[in-house]
Amino acid sequence: MLTRSQIETVVHRALEEDAPFGDLTSWAFVPADAQAEADLVAREAGVFSGGAVFAAAMTALSQDVEVTVHHDDGTPFVAGQRLASVHGPARPILTAERVALNLVQRMTAVAGLTARYVEAVAGTGVRIADTRKTTPGLRALERHAVRCGGGHNHRSGLSDAVMAKDNHLALVDDLAAAISAARTRLPHTVHIEVEVDRIDQIAPALAGGADTIMLDNFSLPELRRGVEIIAGRAVVEASGGITLDTIGQVAATGIDVISVGALTHGVPAVDLGLDMTTSR
């Protein structure tokens with residue numbers, strides 16, 4: 001759940017970064033009493049995400065700015081569609097414009113890409129999940145956008161689940177014993193996931209009682225073999241270099257979850273614009 005506090009924190013930091021001492025251009029060119037109306041318009045098709053974030057950014061600098069969001073998060077739109085409208089004092093609208101657009105463009109891009117991955121595995125029962133490869137400071141927004149695209153969230157961060165990766169395992173001599181020992185130190189509610197990059201690591205991960213086993217960068221035959229070995233005794237996750245071209249084949253191996261870092265990193269912004277309709 002994306003909270004108001006999370007949204008306001010991101011918006012405040014972004015505006016502070018962009019206009020730490022005010023907006024010189026608007027101050028110099030725009031009369032203090034000028035009013036404006038503008039529409040958030042899609043230049044290309046996509047899946048919307050960030051309506052509340054757009055509204056929060058636009059209203060952050062003046063309580064007199066009013067925003068109406070016309071399109072629900074998680075729903076598709078077409079090029080030319082009006083997604084939101086803004087009216088009120090021109091100066092705060094202009095000052096907040098770029099921050100509002102940057103955030104909603106990125107969130108909408110994440111939602112749209114996630115929707116494509118989800119569609120690629122439709123009917124298989126496989127869950128598409130994000131990773132911790134998020135933009136620093138924007139994780140809550142990007143994870144919300146993944147949900148808008150029909151995807152699921154992995155652990156929120158290092159504090160809410162155990163995920164033993166290759167660099168952790170490099171420091172362990174006996175994987176099964178290490179997992180068992182970790183279990184004794186953790187609350188009973190904590191989920192333990194182990195990332196393996198070789199078939200021979202699966203048996204000790206199972207013996208130690210891992211709840212989820214991630215098969216990292218496995219070939220398709222190796223994924224099928226891994227699923228056979230695990231045989232329902234743990235959730236099976238696949239990850240590593242999975243693209244839209246290959247995800248259907250990966251889903252067909254019988255795994256339960258596919259985690260895709262690309263959902264939240266390297267995503268090109270969706271082209272949305274703020275078109276001024278009237279001013280006075």
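Why is strand 10 largely enclosed by the rest of the structure? The legends below start there, with close-up views of a predicted model.

**View 1. Strand 10 and its surroundings.** Four of the five residues of strand 10 are buried, so the rest of the structure largely encloses this strand. To reach strand 10 from strand 9, the chain passes through helix 9, and this β-α-β crossover is right-handed.

**View 2. Strand 10 and its pairing partners.** Strand 9 pairs with strand 10 in the parallel sense, over five bridges. Strand 11, residues 257–259, also runs parallel to strand 10 and is joined to it by three bridges. Ala 238 is a handy residue to look for here: Ala 238 of strand 10 is the bridge partner of Leu 215, and Ala 238 has Ile 258 as its bridge partner in strand 11.

**View 3. Ile 229 in helix 9.** Helix 9 covers residues 220–230 and includes Ile 229. Setting aside neighbours within four places in sequence, you will find Ile 229 in contact with Ile 199, Ile 202 and Leu 206. Ile 202 lies 27 residues from Ile 229 along the chain, and their C-alpha atoms are 7.6 Å apart.

**View 4. The largest pocket.** This pocket has a volume of about 410 Å³. Its lining is made up of 22 residues, and those nearest the centre are Thr 131, Lys 133, Ser 239, Ser 259 and Gly 261. Six of the lining residues are nonpolar, nine are polar and seven are charged.

Conventions. Residues are numbered from 1 along each chain as its sequence is written. This is a predicted model: local features need pLDDT of at least 70, side-chain atom pairs count only at pLDDT 80 or more; totals for chains, interfaces and linings use all residues. Side-chain values use heavy atoms; hydrogens and water are left out. On a 1 Å grid over the protein atoms alone, a cavity is a set of points where a 1.4 Å probe fits but cannot get out, and a pocket is an open set with protein on both sides within 12 Å along at least five of seven lines; lining residues have an atom within 4 Å of a point. Grid points are joined across faces, edges and corners, and a volume is the space filled by probe spheres set on the points. Ala, Val, Leu, Ile, Met, Phe, Trp, Tyr, Cys and Pro count as nonpolar, Asp, Glu, Lys and Arg as charged, and the others, Gly among them, as polar. Helices (H or I, at least four residues) and strands (E, at least two) are DSSP runs, numbered from the N terminus. Contact means heavy atoms within 4.5 Å. Buried means under 20% relative accessible area, exposed over 50%, partly exposed in between (1.4 Å probe, protein chains only). Two strands pair if DSSP finds at least two bridges between them. A crossover is right-handed if, with the strands pointing away from the viewer, the path from the first strand over the helix to the second runs clockwise.
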